[in-house]
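Could you walk me through how to read burial, packing and cavities in a structure like this? Let's take it one feature at a time.

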Amino acid sequence: MMNCKTNLLVLVLSCFALITFGQRTVAPLPKCKNGFIVIAHRGSHLVKPENSIAAIEEAIELGADYVEIDLRTTRDGHLVLIHNETVDHTTSGNGRIQDLNLDEVAKLALNAKDGHLYSLPSFMEALKACKNRINIYLDFKQADVAQAYEEIKAAGMEKQVLVYINKAEQYTAWRALAPQMPLMSGLPRQIKKEDLITFLDKMPLEATDNISDPVLIAALKESGLSVFLDVQMADEDSVKWKATMEKGVQGVQTDHPEALLRYLKTNNLRDGLKVSGL
């Protein structure tokens with residue numbers, strides 16, 4: 001989910017600059033019991049397959065606050081969890097997910113390191129697994145907003161989902177259909193502090209993920225936004241986690257939720273660092 005973020009909202013703003021909502025914070029984020037938010041990227045997937053129910057369940061057992069999942073659509077219009085446009089990398093099959101019907105998807109086995117058999121889950125299965133147990137950070141890859149929202153409502157998960165938008169039309173559709181749903185996306189990387197308020201007045205968001213300047217992070221916090229930085233990488237460690245926390249962010253997305261949660265607990269950091277000078 002790293003490729004299309006850099007200048008996404010520049011496009012959004014240029015296309016929909018006349019849209020205003022009167023306040024910068026439109027919808028509350030899902031509630032969390034911890035002060036510092038841990039988001040398990042594609043679930044806890046170091047052993048379990050990414051975007052699988054098993055990876056979600058492991059993230060829940062570990063105590064993560066959110067599980068990040070990726071949403072796409074099959075040829076016959078069903079919502080399923082998969083990051084890539086094709087099934088080649090993560091399953092026993094090949095081809096684009098949008099060219100496969102659900103019955104074909106159901107026959108695929110997810111690639112697994114533990115020798116067990118896992119299937120590619122539907123969005124509804126993921127919603128049911130997460131309900132009242134963990135929040136969802138929904139990377140909205142390729143799906144119909146109305147359909148996704150209907151499934152969220154049917155599962156009773158309206159207050160447990162944060163939607164990450166990747167396209168301009170996704171933003172306007174979510175705001176029109178479900179203004180109470182919190183939205184997240186990247187901001188222009190070169191945006192200056194004095195431009196933030198004007199920008200966010202025109203394009204309200206509840207969270208962002210690509211601002212690392214502590215001064216800007218503090219300004220975003222004052223404007224009602226949370227910052228959840230991406231730290232997922234093979235060589236995540238305590239040095240990188242501490243450096244990220246010192247920027248004043250509200251949480252991180254990680255590929256190593258077990259190790260990160262152990263680090264936070266051991267150092268009494270589940271409520272975050274006390275950052276001064278911001």
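Q: Is E206 buried or exposed?
A: Buried means under 20% relative accessible area, exposed over 50%, and partly exposed in between, with a 1.4 Å probe and protein chains only. In this predicted model, E206 has a relative accessible area of 1%, so E206 is buried. E206 lies in the loop between α7 and β7; helices (H or I, at least four residues) and strands (E, at least two) are DSSP runs, numbered from the N terminus.

Q: Before we go on, what should I know about the model itself?
A: It is a predicted model, where local features need pLDDT of at least 70 and side-chain atom pairs count only at pLDDT 80 or more, while totals for chains, interfaces and linings use all residues. Residues are numbered from 1 along each chain as its sequence is written, and side-chain values use heavy atoms, with hydrogens and water left out.

Q: Which side chain does E206 join in a polar contact?
A: A polar contact is a pair of N or O atoms within 3.5 Å; within protein, one must be able to donate a hydrogen and the other to accept it, and residues adjacent in sequence count only if both atoms are side-chain atoms. Here the side chains of E206 and R175 are joined by a polar contact of 3.0 Å. A polar atom of the E206 side chain also lies 2.7 Å from the backbone nitrogen of L183.

Q: How do I read the chain as a whole?
A: Start with the overall counts. The protein chain has ten helices and nine strands, and 53% of its 278 residues count as buried. Contact means heavy atoms within 4.5 Å. Among contacts between residues at least 6 apart in sequence, 63% join residues at least 24 apart.

Q: Which residues does F228 contact, leaving aside its neighbours within four places in sequence?
A: They are L29, I37, I39, L162, M184, A207, T208, D209, Q250 and G251. F228 sits in strand β8 and counts as buried because its relative accessibility is 2%. F228 and M184 are 44 residues apart in sequence, with their C-alpha atoms 9.5 Å apart in space.

Q: Which residues are buried in helix α8?
A: An α-helix has 3.6 residues a turn, so residues three or four places apart point the same way. In α8 (residues 214-222), the buried ones are L216, I217, A218, A219 and L220. Their cover includes α7 (193-202), β7 (207-208) and β8 (226-230). At the start of α8, a side-chain oxygen of D213 comes to within 2.9 Å of the backbone nitrogen of V215. Just after the helix, G224 takes a positive phi of about 95°.

Q: Which residues touch the most other members of the largest nonpolar core?
A: In soluble globular proteins, nonpolar side chains tend to be buried together. A nonpolar core is a set of buried Ala, Val, Leu, Ile, Met, Phe, Trp, Tyr and Cys residues joined through side-chain atoms within 4.5 Å. Of the 61 residues in the largest one, F123 and W174 touch the most other members. Helix α4 (residues 123-130) gives this core its largest share, five residues. A second, separate core of eleven residues includes I82, V87, L100 and L110.

Q: Which residues line the largest cavity?
A: Rolling a probe the size of a water molecule over the atoms shows where empty space is left. On a 1 Å grid over the protein atoms alone, a cavity is a set of points where a 1.4 Å probe fits but cannot get out; lining residues have an atom within 4 Å of a point. The largest cavity is lined by E50, N51, L81, I82, H83, T90, L110 and L120.

Q: What phi does N51 have?
A: N51 has a positive phi of about 60° although it is not a glycine. N51 lies in the loop between β1 (37-41) and α2 (53-62), and its relative accessible area of 2% makes N51 buried. N132 also has a positive phi of about 60° without being a glycine, but N132 counts as exposed, at 65% relative accessibility.

Methods:
On a 1 Å grid over the protein atoms alone, a cavity is a set of points where a 1.4 Å probe fits but cannot get out, and a pocket is an open set with protein on both sides within 12 Å along at least five of seven lines; lining residues have an atom within 4 Å of a point.
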